[in-house]
Protein chains: 2
Amino acid sequence: MALIVHKYGGTSMGSPERIRNVAKRVAKWARAGHQMVVVPSAMSGETNRLLGLAKEVNPGLLDDAAMRELDMIAATGEQVSVGLLALALQAEGMAAVSYAGWQVPVRTDSSYTKARIASIDDQRVRADLSAGKVVVITGFQGIDEAGSITTLGRGGSDTSAVAVAAAMGAAECLIYTDVDGVYTTDPRVVPEARRMNTISFEEMLEMASLGSKVLQIRSVEFAGKYRVPLRVLSSFTPWDIDIDEEAKSGTLITFEEDEKMEQAVISGIAFNRDEAKFTVVGVPDKPGIAYQILGAVADANIDVDVIVQNVSHDGRTDFSFTVHRNDFQRVNDLLANTIVPNTGAAMFTADPRICKVSIVGIGMKSHAGVASTMFRTLSEEGINIQMITTSEIKTSVVLDEKYMELAVRALHRAFGLDAPVTQV
Amino acid sequence: MALIVHKYGGTSMGSPERIRNVAKRVAKWARAGHQMVVVPSAMSGETNRLLGLAKEVNPGLLDDAAMRELDMIAATGEQVSVGLLALALQAEGMAAVSYAGWQVPVRTDSSYTKARIASIDDQRVRADLSAGKVVVITGFQGIDEAGSITTLGRGGSDTSAVAVAAAMGAAECLIYTDVDGVYTTDPRVVPEARRMNTISFEEMLEMASLGSKVLQIRSVEFAGKYRVPLRVLSSFTPWDIDIDEEAKSGTLITFEEDEKMEQAVISGIAFNRDEAKFTVVGVPDKPGIAYQILGAVADANIDVDVIVQNVSHDGRTDFSFTVHRNDFQRVNDLLANTIVPNTGAAMFTADPRICKVSIVGIGMKSHAGVASTMFRTLSEEGINIQMITTSEIKTSVVLDEKYMELAVRALHRAFGLDAPVTQV
């Protein structure tokens, strides 16, 4: 008997019928002798519907007071879900009780719409589990010191589930979702992409940060910090699938490197085309110039991703960076009106049609030549690399958007990810 | 400057546009110098939608654990409303903050789906008002001692508003609704029906209990207990109507009899056709027989309204009572299978096609002959009276359903309610 946390996404909770199926699956686990805590998301579409209403009554929505009200409104989606799931569990003959974040309580800071969890009180939940109840807790939300409802931002239910698992010392946190695990890359781009049985926590963190949408990155950080064994698996298997089979399905995010029988050099290929690139050309190369450029961007609350400064040449240098494509126009205006005039740069170029492709793998730490294999592969395909950044377990390149699929497929093949591996 | 409570029904909150209009109206009152507390209902249709979802996942829904979850789900409708209204007020340039019942807190007992308010803490709200904020509080809900969300039952937002007004010592509680006040009877049945400028608390209590749907009866009881001046008025006047005119519109429920310049003998005619009548014929007339019959009905959780026992005759008597028409089949079965065999009654008759018509008026206390005027009027119309009950300020008769409109119109005319009265 173990304490297990299940998390179900909005699609799994999308209709009364699906909620009844979730209840049947949870009941199966409870009947197998496990203590069950379940964290469901809002029914699919519900959060958007609620935020749409908010936008209609107040299109401005800027200050802290408005953000507080947004959280008050958005948090109801998950509250409905937990009540419905508890009812569905009761219909299955299980004792079940639901709690909103404030009832547990899940304490957070006061950063409305993007709060961070500070602590979780496990007393109430533990008492219910001891009394034989299934406990259903809202994802996505908590309560701040002033007693106001806060939400954790998009995908926050993943983080809630992992945080609850950490607070309760759960044996495993199972994230049920609409994909059946973590893949070497997106199967829609590379049909040969394989589901990984395991992936290291560090690799998952890079995959998540690079746009692999399977898990919210904060949930992976949380799992790493508290070493919560985390499994991503499909909620579309039949609910009455054999429990031992289900318990081994999907992808396990591990902390023990030696759990893997073989260590692929590269675990996966991540990519995204949500970025835009800017280059400030002919900047006088003097101390503080990077701050002059990026400080103005940061002051406008725009996140910068890749940054590259080329070597100086005649006292002048070129400075490139990427931002989210949604921020393209604002950055363009900033450069034209403020940054270029202030820095004495010659000009700037802007390119919204780029993509970023990354190879991720713990093996990069110990294997030389991984980056050069990447560059050679792209070169053989005639793909020009515009920018390069690296970390311990990741190398990213910025390319013309039109080469994205070609690059991902070539790299997937070059690093041997197409080939089936021994199952661990 | 006064502390004023506004309550808006689901229709008034039915769309983002209507919510913006509510915000404009409240802002007008706040700008006139009043401290404003607003209690909105859920958007129209929302509570039914939520309870429909609950029914789909668990059609049984019987025990306390399930009722707790129903309240968890249903309470979200009002939580969305308060957030939206606070946002709309902010869009109007007002400082505004919303609270769910548990945040105030509004403390209740643990009778899920029909909880009763025990106390309201006014500290938090008062601090916000002093800081110049409009405070928006969820209707319909509170929190019990265990920290679970409770709801007050259908129409509970009226009760919430009055309870908040009582706790805060508000100068007046304005109930904005889709009718423009309390009428002498339903204008759809009697076109000559007049809106009353004032009605006494006791009369309003009888009107509400008799099926006049303007106010939830518990809210009237609450207003009476704490002497909260209560006004029913239309939410469909333009929001920018002159505030002094608005403040005098609708119907004021008063506690001071001498506020009224003239005292009509009868204030209004109430009616409903939601009842069904049963007569147990030839019951042995011995002590305890009423309990034998009605005890079985009460044990089945069925409310009995009118009860009449005829005089005994040859040691046997007839015993009649009415119940809500929804309970017709259950009571019919109870009588056939249990009550008639157990009491040794000869037989029973059942009639779902009845109606109840009542005249209500404080004046009945001091004016003789009111009931006989009622009976004479009905007799002149050839309407047979099946049952009669009376209270200090009310006389009700049970009639064949087909005579309802005729009876109401005749009584409305007979008691002079058609004639315009001097406005007070």
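# Chat about a predicted model

Me: Which strands make up the open sheet in chain B, and in what order?
Reply: This is a predicted model. In it, 4 strands of chain B form an open sheet in the order β15-β16-β14-β17, with antiparallel pairing.

Me: Which ones are the edge strands?
Reply: The edge strands are β15 (304–309) and β17 (347–351) of chain B, each of which pairs on one side only.

Me: By how many degrees are neighbouring strands of this sheet turned?
Reply: On average they are turned by 15 degrees against each other, with direction ignored.

Me: Which helix packs on the sheet?
Reply: Helix α11 of chain B, residues 328–343, packs there. It touches β14 (275–284), β16 and β17 of chain B, and its direction makes about 5 degrees with that of β14(B).

Me: Back to β15(B). How many bridges join it to β16?
Reply: There are 4 bridges between β15(B) and strand β16 (residues 316–324) of chain B, and the two run antiparallel. In β16(B), Phe321(B) is the bridge partner of Ile307(B).

Me: What holds paired strands together in general?
Reply: Strands of a sheet pair through backbone hydrogen bonds, either parallel or antiparallel.

Me: New topic, β12 in chain B. Are its faces covered or open?
Reply: Both faces of β12 (residues 251–254) of chain B are covered. Thr251(B) and Ile253(B) are buried on one side, and Leu252(B) and Thr254(B) are buried on the other.

Me: Does β10 of chain B run parallel or antiparallel to it?
Reply: Strand β10 (residues 198–200) of chain B runs parallel to β12(B), and 3 bridges join them. Thr198(B) has Leu252(B) as its bridge partner in β12(B).

Me: And β11, parallel or antiparallel?
Reply: Strand β11 (residues 230–234) of chain B runs antiparallel to β12(B), also with 3 bridges. Arg231(B) stands opposite Leu252(B) in β12(B).

Me: Now chain A. How many helices and strands?
Reply: Chain A has 13 helices and 20 strands. Its radius of gyration is 24 Å, close to the 22 Å that the globule rule gives for 424 residues, so chain A is as compact as a globular protein of that length.

Me: What does the C-alpha trace span?
Reply: The C-alpha trace of chain A spans about 75 × 55 × 30 Å along its principal axes. Buried residues make up 49% of the 424 residues in chain A.

Me: What does the domain assignment give for chain A?
Reply: It gives domain 1 (3–257) and domain 2 (263–418). Taken over C-alpha atoms, the centres of domain 1 and domain 2 of chain A are separated by 33 Å.

Me: How many residues of each domain are in contact?
Reply: In chain A, 18 residues of domain 1 are in contact with 19 residues of domain 2. On the domain 1 side, α7(A) gives the most, with 4 residues. The residues of that side divide into 7 nonpolar, 5 polar and 6 charged.

Me: Last one, the contact of chain A with chain B. How many residues from each?
Reply: The contact takes 30 residues from chain A and 30 residues from chain B. On the chain A side, the largest share comes from α4(A), with 11 residues.

Me: How do the residues on that side of chain A divide?
Reply: The side of chain A that touches chain B has 18 nonpolar, 9 polar and 3 charged residues.

Conventions: Residues are numbered from 1 along each chain as its sequence is written. Chains are lettered from A and ligands numbered from 1 in the order in which they are written. This is a predicted model: local features need pLDDT of at least 70, side-chain atom pairs count only at pLDDT 80 or more; totals for chains, interfaces and linings use all residues. The radius of gyration is taken over C-alpha atoms; the globule rule is 2.2 Å times the number of residues to the power 0.38. A residue is buried if 20 or more other C-beta atoms lie within 10 Å of its own, exposed if 12 or fewer, and partly exposed in between; C-beta atoms are placed from the backbone. Two strands pair if DSSP finds at least two bridges between them. Axes are lines fitted to C-alpha atoms, for helices over the stretch in contact, and angles run from 0 to 180 degrees between N-to-C directions. Two residues are in contact if their C-beta atoms, placed from the backbone, lie within 7 Å. Domain bounds come from an automatic or database domain assignment. Ala, Val, Leu, Ile, Met, Phe, Trp, Tyr, Cys and Pro count as nonpolar, Asp, Glu, Lys and Arg as charged, and the others, Gly among them, as polar.
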